[in-house]
Amino acid sequence: MRRVLILEDEPSIRSFVVINLRRAGYDVVEAGTGREALDQLKNNPDIGVAILDIMLPDIDGFEVCRNIRVTNKTIGIIMLTARTQEMDKVTGLMTGADDYVTKPFSPAELTARIDALFRRVGDEEPSDTGMLVQGPFALNTHTRTLEKNGVRIKLTQVEYSIMKLFMQNPGRALSREEILSSVWGGDYDGEEKIVDVNIRRLRIKIEDDTANPSFLTTVWGFGYKWSL
Ligand code: CA
């Protein structure tokens with residue numbers, strides 16, 4: 001499902017947006033402060049579009065936007081501005097936002113902007129061909145298959161989802177918690193140990209030397225990282 005974050009400190013506006021986006025078929029994650037928004041994004045790496053209010057009780061929306069862009073270049077960002085000054089729009093776009101919507105806005109206007117961004121980011125798929133190619137690895141997200149140096153590697157659905165998550169986040173340390181919620185779903189309340197078990201199995205399949213992994217490396221006390 002297409003997942004959207006709404007950051008808005010005004011409860012009435014936030015719930016108005018949430019209700020309308022859910023009605024439009026989106027999975028919605030909420031935040032009332034800048035900090036909360038950054039935490040939610042960390043816990044939900046599959047969020048495709050973030051809607052950011054500017055005036056917030058802690059850090060302002062521009063700062064949140066700047067923070068997101070440090071690690072995430074692909075997420076779509078829409079700024080919500082209460083004011084109509086050109087200055088806001090320019091500042092928003094300078095900090096890495098893709099679009100802005102001026103309050104008051106209609107639900108149809110907002111969903112149209114979100115749809116446009118999802119189309120641009122490719123509906124969570126890496127490209128039209130569905131191919132993610134990195135080093136010796138080629139992941140086909142249409143057929144859900146992996147090849148290494150042109151040779152097919154058989155993966156379980158869970159192993160495939162883990163590979164996809166890492167290949168979409170090259171060089172980024174992912175916590176066990178992040179991997180768990182992304183692959184098993186946010187509602188899954190199993191143990192993080194299951195992540196280690198699956199990574200171990202995945203390493204046997206993809207690493208040249210399982211004892212000294214060079215692709216799926218361990219980040220001690222935290223999680224794992226995809227390095228090439
Ligand atoms: Ca506000």
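Student: Why is Asp46 called partly exposed?

Tutor: Asp46 has a relative accessible area of 29%. Buried means under 20%, exposed over 50%, and partly exposed in between (1.4 Å probe, protein chains only), so the value for Asp46 falls in the middle class. The model is predicted: local features need pLDDT of at least 70, side-chain atom pairs count only at pLDDT 80 or more, and totals for chains, interfaces and linings use all residues. Residues are numbered from 1 along each chain as its sequence is written, and side-chain values use heavy atoms, with hydrogens and water left out.

Student: What makes the contact between Arg3 and Asp46 a salt bridge?

Tutor: The closest N and O atoms of Arg3 and Asp46 are 3.3 Å apart. A salt bridge is a side-chain nitrogen of Lys or Arg within 4 Å of a carboxyl oxygen of Asp or Glu, so this pair qualifies.

Student: Why is the pair of Arg3 and Asp46 said to tie together separate parts of the chain?

Tutor: Arg3 belongs to strand E1, whereas Asp46 is in the loop between H2 and strand E3 (47-53), so the pair ties together parts that are 43 residues apart in sequence. Helices (H or I, at least four residues) and strands (E, at least two) are DSSP runs, numbered from the N terminus.

Student: Is Arg3 buried or exposed?

Tutor: Arg3 has a relative accessibility of 18% and therefore counts as buried.

Student: How many salt bridges does a search of the whole structure find?

Tutor: The search finds 15 salt bridges. One of them joins Arg2 and Asp115, with the closest N and O atoms 3.4 Å apart. Arg2 lies in the segment before strand E1 (3-7) and Asp115 in helix H5, so this pair ties together parts that are 113 residues apart in sequence. Arg2, at 25% relative accessibility, counts as partly exposed, and Asp115, at 27%, is likewise partly exposed.

Student: How do you know that Glu159 and Lys205 meet in a salt bridge?

Tutor: Their side chains come to 2.6 Å, N to O, which lies within the 4 Å limit. The pair links distant parts of the chain, with Glu159 in helix H6 (residues 157-168) and Lys205 in helix H8 (residues 193-206), 46 residues apart. Glu159 is buried because its relative accessible area is 0%, whereas Lys205 is partly exposed at 32%.

Student: What makes Arg144 partly exposed?

Tutor: Arg144 has 39% relative accessibility, and therefore counts as partly exposed. Phi of Arg144 is near 55°, also a positive value in a residue other than glycine, and Arg144 is found in the loop between strand E7 (137-140) and strand E8 (145-148).

Student: What is the form of the peptide bond from Lys103 to Pro104?

Tutor: This bond is cis, with omega near -5°. Pro104 is found in the loop between strand E5 (99-102) and helix H5 (107-120).
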